[in-house]
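This report describes one protein structure in plain terms. The sequence and model come first, followed by notes on selected parts.

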Amino acid sequence: MAASTDSARAFRPGRGLAIAWIVAGVAGWTVSFLLYHEYIGQLTGGQAIISCDVSPVVTCGPNLLSPGGNLLGFSNSVIGMVLFPGAVFAGVSALAAPNGLRAWYWRVYAAVVAAAFVLVHVFAYRSVFEYGSLCPWCMVVWLVTIPLFWSTLGWTLREGVWGRALQRIGAVLLSGTPLVVVIDYLVIAVAAQVRLDVLGSL
C-alpha cells in the first residue's frame with residue numbers, strides 16, 4: 001500500500017536545483033555542439049569555432065576520431081546534443097509544475113542522467129589510459145555531467161522518489177554533493193596527471 005501511495009505522490013525540486021539543471025543542460029548542449037563542430041573540422045580539415053588544441057596531451061583530435069569517440073558509429077557529441085536538453089526540460093518542468101510531477105517521471109530522468117554519468121567516466125578512463133590525451137570540450141561535458149548526476153541522485157533519494165527507505169542517505173548525499181563532486185573531479189584529475197603529466201605538457 002505504501003509503495004502505491006509513493007508512486008502516486010508528486011515531487012518537485014526546489015527552484016535553485018531546477019535552475020541549476022537548466023544551466024547544466026544548456027552548458028552541456030553548447031559544448032556538445034562545439035565538440036560536434038570540431039569533429040566535422042577534423043574530418044574535413046575545416047576550422048573549429050574555438051580551437052581545442054592546447055598541447056600535445058590536451059587536444060581533441062585523438063579522442064574525437066577514436067572508436068570510443070564514436071561509440072554508436074557517430075560522434076558522441078550527437079548523444080550530448082540529444083540528451084542534454086533533457087536536463088533543461090526537467091528543470092523547466094519543475095518550475096512550471098507547482099504541484100510537482102509523478103515519481104516515474106523523475107525516475108526516468110535520473111536513469112538517463114545516471115547513464116550519462118557512467119558514459120563520461122568510461123570516456124575519461126579511455127582518454128587517460130588508452131588514448132593518452134584529454135579533449136578539452138569532452139572535459140567540460142564531464143564537469144557538467146558529474147554534478148548533474150550527484151545532485152539528481154541525492155534529491156531523488158531524499159524526496160523518496162525511489163521509496164522511503166533511502167531518504168536519510170539521500171539527505172546526506174544531497175547536502176554533501178559539493179564535496180562528492182570535488183572528490184570525483186580530483187580522482188580523474190590525479191589519474192590524468194600521474195598517467196599523462198598534463199601540467200608538464202602545457
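How many disulfides does a search of the whole structure find? The search finds 0 disulfides, a disulfide being a pair of cysteine sulfur atoms within 2.5 Å.

This is a predicted model, in which local features need pLDDT of at least 70, side-chain atom pairs count only at pLDDT 80 or more, and totals for chains, interfaces and linings use all residues. Residues are numbered from 1 along each chain as its sequence is written, and side-chain values use heavy atoms, with hydrogens and water left out.

The table gives relative accessible areas; buried means under 20%, exposed over 50%, and partly exposed in between (1.4 Å probe, protein chains only).

| Residue | Relative accessible area | Class |
|---|---|---|
| Cysteine 135 | 0% | buried |
| Cysteine 138 | 14% | buried |
| Leucine 83 | 38% | partly exposed |

Helix 6 covers residues 136-159; helices here are DSSP runs (H or I, at least four residues) numbered from the N terminus. From first C-alpha to last, helix 6 reaches 35 Å, close to the expected 34 Å, where the expected span is 1.5 Å times one less than the number of residues. Glycine 160 follows helix 6 and has a positive phi, near 90°.

Leucine 83 lies in helix 4. Together with Val82, Trp104, Val108 and Val112, Leu83 forms a nonpolar surface patch with about 480 Å² of accessible area. Patch residues have over 30% relative accessible area and no salt bridge, with nonpolar side chains (Val, Leu, Ile, Met, Phe, Trp, Tyr) joined within 5 Å and like charges within 9 Å. A salt bridge is a side-chain nitrogen of Lys or Arg within 4 Å of a carboxyl oxygen of Asp or Glu. Accessible areas come from the Shrake-Rupley method with a 1.4 Å probe. Helix 4 (76-96) and helix 5 (103-131) each supply at least two residues of the patch, and helix 5 gives the largest share, 3 residues.
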